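Colleague: Could you walk me through how to read the helix packing and the overall form of a model?

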Amino acid sequence: MNQCDRIRQILKENKLKQKQFASVIGVTESYISKLLKDPDIRLSQSLAVLIEEKYGYNAEWVLNGTEPKLKQISKNNSLSEIHHKALTQLEKMNDEQVKAVLAFINSLEELEKTLNTND
């Protein structure tokens with residue numbers, strides 16, 4: 001997998017258009033288009049770090065394909081990729097959004113308790 005493929009994967013996994021991705025990392029849409037077409041165009045370290053900060057993909061993976069793909073947020077190495085993705089998304093949220101997620105999680109816990117007492 002080359003850098004073009006990794007950028008494509010980031011766009012696909014985050015359901016992003018080239019224009020949205022370009023805007024977030026502060027480049028032009030035409031630059032993203034060139035990155036997707038020409039494997040000889042290399043991202044700078046600073047752009048890779050920005051992608052890591054904004055989307056949670058390890059800068060070394062973006063640049064070179066070096067695993068792990070996602071930056072480690074938790075010290076718990078047994079977490080799956082989907083757990084890491086969820087934690088990455090939580091990092092991007094403001095306080096109100098995190099409160100809403102926590103309320104949802106709490107409602108799931110309450111539902112589970114209710115279901116378990118009815119067994």
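Colleague: Is the crossing of helix 2 and helix 3 left-handed or right-handed?

Modeller: A crossing is left-handed if the near helix is turned anticlockwise from the far one by less than a right angle, and right-handed if clockwise. Here helix 2 and helix 3 cross in the right-handed sense. Bear in mind that this is a predicted model, where local features need pLDDT of at least 70, side-chain atom pairs count only at pLDDT 80 or more, and totals for chains, interfaces and linings use all residues. Residues are numbered from 1 along each chain as its sequence is written, and side-chain values use heavy atoms, with hydrogens and water left out.

Colleague: At what angle do the axes of helix 2 and helix 3 cross?

Modeller: Axes are lines fitted to C-alpha atoms, for helices over the stretch in contact, with angles from 0 to 180 degrees between N-to-C directions. Those of helix 2 (residues 18-25) and helix 3 (residues 29-37) cross at roughly 110 degrees and come within 8 Å. That makes the two helices roughly perpendicular (65 to 115 degrees).

Colleague: Which residues make the contact?

Modeller: With contact meaning heavy atoms within 4.5 Å, helix 2 brings Q18, K19, F21, A22 and I25, and helix 3 brings E29, I32, S33 and L36.

Colleague: And how many helices and strands does the protein have?

Modeller: Counting DSSP runs (H or I, at least four residues, for helices; E, at least two, for strands), there are seven helices and zero strands. Along the sequence the pattern reads α-α-α-α-α-α-α. The C-alpha atoms fill a box of roughly 60 × 30 × 20 Å along the principal axes.

Terms used:
Parallel < 35°, antiparallel > 145°, perpendicular 65-115°, else oblique.
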